[in-house]
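Let's take a friendly walk through this fold, from its strands to its packing. Please keep the structure open beside you as you read.

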Amino acid sequence: MAEKQFKSPLLEGNGARSLTEATYARLRSDILACVLAPGARLNVKELSQSLGSNPAAVREALSRLTAEDLVIIEPQKGFLIAPMSIADLTDLTSVRIELDVNVLRRSIAAGDLEWEARVVATWHQLSRTPMSTSDAAKKDEWERAHSAFHQALMSACSSTWLVRLRRMLYDQYARYRTLSVSFALADRDLESEHQALKDAALARDVTRAAELLTAHLQKTADVVLDTIRRDEAVLAWFADL
């Protein structure tokens with residue numbers, strides 16, 4: 001009798017996606033959502049068992065995440081989640097504001113009717129997508145809508161390298177943004193912030209759009225800093241505190 005072939009639950013619904021790709025996507029999602037805590041050590045065998053994967057796929061996925069600076073490897077100690085720190089948050093916020101404002105200015109200047117349609121459509125989708133801190137599926141849906149809206153705002157920029165660098169910084173910022181959104185729903189009107197950004201961009205008011213984007217990104221950093229001061233569990237994640 002032929003031996004029954006094992007099928008990883010990671011591959012369910014993924015069609016032809018390889019086990020390595022599915023493992024990478026799951027690990028990356030868990031890191032960006034802080035499901036895997038910053039600074040945590042990663043055991044390849046334990047991960048392969050918990051994910052329904054295999055050690056080879058986990059090692060390859062972790063190697064890809066190392067190249068993205070989301071995982072680091074220490075000689076003779078193995079893999080661990082890249083730590084978060086106040087210094088990193090401050091530096092990342094400063095660089096991201098400078099880069100995003102530059103990309104937004106270029107995008108507004110070059111944007112055509114198709115760009116306007118993308119901005120309106122993605123803003124509408126975001127405004128109709130509820131944010132939840134308790135429902136993982138809804139949180140993921142909101143994050144995708146949020147990413148699509150910001151991407152649409154920047155999408156008319158013609159510099160491939162600026163757009164690529166901007167995307168890399170956006171991903172690096174995801175863990176900090178997770179903390180910001182989770183702890184800011186009560187006192188931050190994200191819908192109004194996004195609507196104001198949309199309106200300024202469509203009005204081709206570059207100065208106003210730059211000011212709003214700067215304030216939007218800085219507010220995220222400020223909320224994270226405030227969260228750190230109030231939450232001991234989050235405090236423990238930061239390497240320089």
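## Strands

Two strands count as paired when DSSP finds at least two bridges between them. In this predicted model, β1 (residues 41–42) and β3 (residues 78–81) meet that rule with 2 bridges, in the antiparallel sense. Strand β2 (residues 71–74) is also antiparallel to β3, joined by 4 bridges.

## Helix α2

Helix α2 (residues 44–51) has Val-44, Leu-47, Ser-48 and Leu-51 buried. They lie on the same side of α2 because they cover an arc of only 100° around the axis. These buried residues pack against α1 (19–32), β1, α3 (55–67) and β3. The face turned away from the buried side carries the exposed Lys-45, Glu-46, Gln-49 and Ser-50.

At the N-terminal end, Asn-43 caps α2, with a side-chain oxygen 3.0 Å from the backbone nitrogen of Lys-45. After α2 comes Gly-52, with a positive phi near 70°.

## Nonpolar cores

The largest nonpolar core has 41 residues; those touching the most other members are Leu-104, Phe-149, Leu-153, Tyr-176, Leu-213, Val-224 and Phe-238. Elements giving two or more residues to this core include α4 (86–110) and α10 (206–230). A second, separate core of 18 residues includes Leu-27, Leu-47, Ala-61 and Phe-79.

Conventions:
Residues are numbered from 1 along each chain as its sequence is written. This is a predicted model: local features need pLDDT of at least 70, side-chain atom pairs count only at pLDDT 80 or more; totals for chains, interfaces and linings use all residues. Side-chain values use heavy atoms; hydrogens and water are left out. A nonpolar core is a set of buried Ala, Val, Leu, Ile, Met, Phe, Trp, Tyr and Cys residues joined through side-chain atoms within 4.5 Å. Buried means under 20% relative accessible area, exposed over 50%, partly exposed in between (1.4 Å probe, protein chains only). The arc is that of the directions from the helix axis to the C-beta atoms. Contact means heavy atoms within 4.5 Å. A polar contact is a pair of N or O atoms within 3.5 Å; within protein, one must be able to donate a hydrogen and the other to accept it, and residues adjacent in sequence count only if both atoms are side-chain atoms.
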